[in-house]
Amino acid sequence: MRRDVTLPEVSENVAEATVVKVLVAPGETVKADQPLLEVETDKALFELPSPEGGVVAEVLVKAGDRIAVGQVLLRLEAAEGPAEGTLPDETAAPPKAPATLPPALGPSSSSSSKEGPSPDPSPPARGALSSPASPAVRKLARELGVDLSSVRGTGPRGRITLEDVKARAKALLSAPAAGRAAASRPLPDFSRWGSVRREPFSTVRRVTAEAMAHAWSVVPQVTQHDRADLTSVEAFRRKAGAGGKGDAGTLTVTAFVVKVAALALRAFPALNASVDAERMEAIFKDYVHVGVAVDTEHGLLVPVLRDADRKGLREIARELRELAEKARLRRLSPSELEGGTFTVSNLGGIGGTAFSPIVSWPQVAILGVSRAEILPRWNGEAFEPRPFLPLSLSYDHRLVDGALGARFLRHVCEGLEDPWNLVL
Ligand code: CAO
C-alpha cells in the first residue's frame, strides 16, 4: 500500500518550511521513526520521521525546496497491510485523507502549541514568517503582493482571512509613496565595478530581515543610554561562587539584567505592553516573558524566558544557559520562541560601548547591554575605579515617552546597583 508522507503542522504559526537534506532515496527500506528529511522552519531544525516501516517509493522534494504544511513530500510503500491514513490505490474507495505525521518531531516538537495562539509573531525569534492561512488566502496574498508575515490574522486562532489580506493591501497602497518606491527600487549592477557573488538568505536570515524591516518601518523608536555601577553585582557574583563555567549555579551578568529588567517591567507596565495601532489602544500584559538575543552560527535567535519576574536568579541563569545552548543547536521548540513581552540583548561579551537595538515588534522596548568597563567615579573627594555596565534602551515612542523611558532605565540601573533587593 502506498502512503503519502506530508509536512505536519509543526506549530500554529508555522505553515512553511525548507528542506535542508533528503536522508533517504527511492528503493531504500526504512523503519518506523527513521528520519526521512531534515527540515528547517523559521524557528527550528528538525528531522521528519517515517510514520511506519516500508520502502521509499518516491521522493518528491529536494534540498532547498520550500514546502507547505500538508504538502506530500515522499511516498512510501508500506511494509504490510493498510495503515491508518494510507492513501487508497485506484480501486479502493472511499478515499481517505493523506496521512500526516504526528506533530511530535524530534526535540523541537514537544511543546508544539500548548501556549495557544500567540499574538507575537516575533523575529527569528521574533519571526513571523509563516503565518496560519489557507491556500486561498495565500493565493490572494501572492496576487496582491502582500507579505503574509506583515498581516495580523483576525480569524480563529489568529488565522489570516481574505479580508485581512485585502485590508493589508489597501493599507500598503495608501502608504506614503516614498516608502513603496524605496522598497521597489532596483539594485545597480554591482558587477560593473568588480566580481560579485550571490548567496540566498538562510531561513533565519530571511526572518530576521523581514522582522527588522517591519519593526523599523512601523515602530518610531528612540534609544536612551545609561550606565549601572556593577560593583555590588560583581561582589554578589563572586560571593555566590560565580565563574565556574558549567556550574549550574553560575550567575551571569545577563541573568542579573534579565531579572532586574523583569522586576522593572512590573513597576512600569507601559514597557511590558503592545500598541494596537488600528484601535489606538495599548495592550498591557499581566505576564513578563523576556526574550534574550542569542548569537548563533545560524544567525540571531531570541528564545523566551517565561515569568522572569517570578524566578530566582539561579533559575534564570540556568534556564538562560539551556535556552542559549538549544538555540545554538537549533533545538528550540516554536513555543520557546514565542510570547516575549520585552527583549534583552547582551553584546558585552563581544565589546562595544553602546548600541541602538531595534525594538522587537510587537513589543515596545528592548534593552541593549554593552561591555562593562572600569571607569572613574567621583565619590565627593576623589575618583575611584568602578565597573560600569552600559545599557541602551530602545522604546516605541507611540506608547513610551522619553521621560518614562529614562525613568525605567534608571530604575534598571538602580536595581543592578543594589542587587540585594532581588534576593529579599
Ligand atoms: N560586559 C562585560 N563582560 C561581559 C558582558 C558584559 N556586558 N556580558 C558577558 N560578559 C563576559 C562574560 O562574563 C564572559 O566572560 P568569561 O568568559 O570571563 O566568563 C564572556 O563575556 C562571554 O559571556 P557570554 O556572552 O557567554 O555571556 P552570557 O552567558 O551572559 O550571555 C548570551 C549569554 C546568550 C546573551 C550571549 O552568549 C550572546 O549570544 N550574546 C549576543 C547577543 C546578540 O547577538 N545580540 C544582538 C542582537 S541584535 O543583532
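## Salt bridges, cores and ligand shell

Arg2, Asp4, Glu58, Arg75 and Glu77 are linked in a network of salt bridges. A salt bridge here is a side-chain nitrogen of Lys or Arg within 4 Å of a carboxyl oxygen of Asp or Glu. The model is predicted: local features need pLDDT of at least 70, side-chain atom pairs count only at pLDDT 80 or more, and totals for chains, interfaces and linings use all residues. Residues are numbered from 1 along each chain as its sequence is written, and side-chain values use heavy atoms, with hydrogens and water left out.

**Salt bridges**

The structure holds 23 salt bridges. The table gives some of them.

| Pair | N to O distance |
|---|---|
| Arg66 and Glu16 | 3.3 Å |
| Arg75 and Glu58 | 3.2 Å |
| Glu199 and Arg197 | 2.6 Å |

Arg66 and Glu16 meet through their side chains. Arg66 lies in strand E7 (residues 66–68) and Glu16 in strand E2 (residues 16–22), so this pair ties together parts that are 50 residues apart in sequence. Helices (H or I, at least four residues) and strands (E, at least two) are DSSP runs, numbered from the N terminus. Arg66 is partly exposed at 33% relative accessibility. Glu16 is partly exposed too, at 26%. The classes are buried (under 20% relative accessible area), exposed (over 50%) and partly exposed in between, with a 1.4 Å probe and protein chains only.

Arg75 and Glu58 also form a salt bridge. Arg75 sits in strand E8 (residues 72–78) and Glu58 in strand E6 (residues 54–59), so the pair ties together parts that are 17 residues apart in sequence. Arg75 is partly exposed, at 24%. Glu58 is partly exposed, at 30%.

Glu199 pairs with Arg197. Glu199 is exposed, with a relative accessible area of 58%. Arg197 is exposed at 68%.

**Nonpolar cores**

A nonpolar core is a set of buried Ala, Val, Leu, Ile, Met, Phe, Trp, Tyr and Cys residues joined through side-chain atoms within 4.5 Å. The largest has 50 residues; Val290, Phe342, Leu367, Leu391, Leu393, Phe408 and Leu416 touch the most other members. Elements that each supply at least two of its residues include helix H5 (231–239), strand E12 (290–292), strand E19 (383–396) and helix H8 (402–417). Helix H6 gives the largest share of this core, 10 residues.

Another core, of 17 residues, lies apart from that one; among its members are Val5, Leu37, Phe46 and Val61.

Leu391 has contacts (heavy atoms within 4.5 Å) beyond its neighbours within four places in sequence, including Leu367, Leu409, Val412, Cys413 and Leu416. Gln224, His225 and Asp226 are also among the contacts of Leu391.

**Ligand shell**

Which residues come nearest to the ligand? Of the 18 residues around the ligand, they are Thr254, Ser345, Asn346, Ser370 and Ala372. A residue counts as near if one of its heavy atoms lies within 4 Å.

A polar side-chain atom of Thr254 lies 2.4 Å from a ligand oxygen atom. A polar backbone atom of Ser370 is 2.9 Å from a nitrogen atom of the ligand. For Ala372, a polar backbone atom is 2.8 Å from a ligand nitrogen atom.

Taken alone, the ligand exposes 970 Å², and the protein buries 66% of that. Accessible areas come from the Shrake-Rupley method with a 1.4 Å probe. Strand E13 (294–296) and E16 are the elements that give two or more residues to the shell around the ligand.

Notes. Polar contact = N/O pair within 3.5 Å; in protein donor to acceptor, adjacent residues only side chain to side chain.
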